[in-house]
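Dear colleague,

I am passing on the structure that we spoke about, and my notes on it follow below the entry. Please read them with the model open beside you.

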Amino acid sequence: MNEPEFERLRDLAARAAGLLGFYFHMEPAVLFRETRGGAEESFARQIAYYLLHRVFDLKEHEIASAFGKHHSTVQHGVRTIIELRDADEAFEEELVWLGERLEEGAAKGRAYLESLMKARAVASPVNEAAL
């Protein structure tokens with residue numbers, strides 16, 4: 001993978017981490033840690049993997065590279081979120097909403113994501129039910 005492609009992947013991953021950081025009230029940088037972290041951090045990271053795969057059609061090995069993880073870790077995370085999505089319609093709606101915000105945010109930038117998350121007030125069934 002060449003340097004410009006890696007930088008593009010890191011930028012998309014950073015945008016996903018930023019969105020999910022706001023959503024879960026955590027620092028986006030925790031999604032890039034080498035260690036698993038707590039359950040909420042791990043769950044947020046898995047959602048980031050899923051969204052990058054769905055919204056930007058990134059391959060698991062590309063997402064893994066952007067997060068510094070093994071491709072099988074990303075594969076497991078995406079599969080976990082798909083299973084939860086398929087079992088819970090409200091969770092699926094949240095994923096759709098997050099995916100739309102990620103796509104918009106990639107075009108409009110961080111300030112846009114911040115304004116959306118503040119307006120939403122983040123009282124989400126994902127935060128309550130999925131953990």
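In what order do the elements of the protein run from the N terminus on? They run α-α-α-α-α-α-α, and the protein accordingly holds seven helices and zero strands, where helices (H or I, at least four residues) and strands (E, at least two) are DSSP runs, numbered from the N terminus.

Please keep in mind that this is a predicted model, in which local features need pLDDT of at least 70 and side-chain atom pairs count only at pLDDT 80 or more, while totals for chains, interfaces and linings use all residues. Residues are numbered from 1 along each chain as its sequence is written, and side-chain values use heavy atoms, with hydrogens and water left out.

Of the 131 residues of the protein, 42% count as buried, that is, under 20% relative accessible area, with exposed meaning over 50% and partly exposed lying in between (1.4 Å probe, protein chains only). Among contacts (heavy atoms within 4.5 Å) with a separation of 6 or more, 63% join residues 24 or more positions apart.

**α1 and α2**

The axes of helix α1 (residues 3-24) and helix α2 (residues 39-56) come within 9 Å and cross at roughly 135 degrees; axes are lines fitted to C-alpha atoms, for helices over the stretch in contact, and angles run from 0 to 180 degrees between N-to-C directions. The two helices α1 and α2 are therefore oblique to each other, given that angles under 35 degrees count as roughly parallel, over 145 as roughly antiparallel, 65 to 115 as roughly perpendicular and the rest as oblique. On the α1 side the contact includes Leu 12, Ala 16 and Phe 24, and on the α2 side it includes Glu 40, Phe 43 and Ile 47.

**α2 and α4**

Helix α2 also meets helix α4 (residues 71-87), and here the axes come within 8 Å and cross at roughly 90 degrees, so α2 and α4 are roughly perpendicular to each other. Among the residues that make this contact are Phe 43, Ile 47 and Tyr 50 of α2, together with Val 74, Gly 77 and Ile 81 of α4.

**α3**

In helix α3 (residues 60-67) the buried residues are Glu 62, Ile 63, Ala 64, Ala 66 and Phe 67, and what covers them includes α1, α2 and α4. After α3 comes Gly 68, whose phi is positive, near 70 degrees.
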